[in-house]
Amino acid sequence: MDALEAYKTADLELNKVYKLLVKELDDDAKTLFKKAQLDWIKYRDSHCAFEGQIYEGGSAQPQAISSCLEIVTKNRTEELKISLADRKM
């Protein structure tokens, strides 16, 4: 699996966990969570652009960015899984 496909797989898992967590939230928490997620997306994109910048103009840049996106997305998914588990206790 190439870096882009690995990121897409990680993103699908993130979206699955996101939807499960949203179902557990009341309206106030849902509003806060959605804002946090939008902020996280901005962070993810700018962070991975920074990580890929070292390869700017080279053929490795897209792979570096996709690899970063995969790692950051998997980390966020784990955070959301913890939040989901905490709310189900």
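Reader: Is Cys48 buried or exposed?

Author: Cys48 is buried, with a relative accessible area of 0%, where buried means under 20% relative accessible area, exposed over 50% and partly exposed in between, using a 1.4 Å probe and protein chains only. This is a predicted model, in which local features need pLDDT of at least 70, side-chain atom pairs count only at pLDDT 80 or more, and totals for chains, interfaces and linings use all residues. Residues are numbered from 1 along each chain as its sequence is written, and side-chain values use heavy atoms, with hydrogens and water left out.

Reader: And which residue does a disulfide join to Cys48?

Author: The disulfide joins Cys48 to Cys68, with an S to S distance of 2.2 Å; the term stands for a pair of cysteine sulfur atoms within 2.5 Å. Cys68 also counts as buried, at 8% relative accessibility.

Reader: What's the handedness of that disulfide?

Author: The torsion about the S-S bond of Cys48 and Cys68 is about -80°, so the disulfide is left-handed. Cys48 lies in helix α2 and Cys68 in helix α3, so the pair ties together parts that are 20 residues apart in sequence. Helices (H or I, at least four residues) and strands (E, at least two) are DSSP runs, numbered from the N terminus.

Reader: Switching to the helices, at what angle do α2 and α3 pack?

Author: Helix α2 (residues 27-53) and helix α3 (residues 61-87) pack at about 150°, and their axes are 8 Å apart. Axes are lines fitted to C-alpha atoms, for helices over the stretch in contact, and angles run from 0 to 180 degrees between N-to-C directions.
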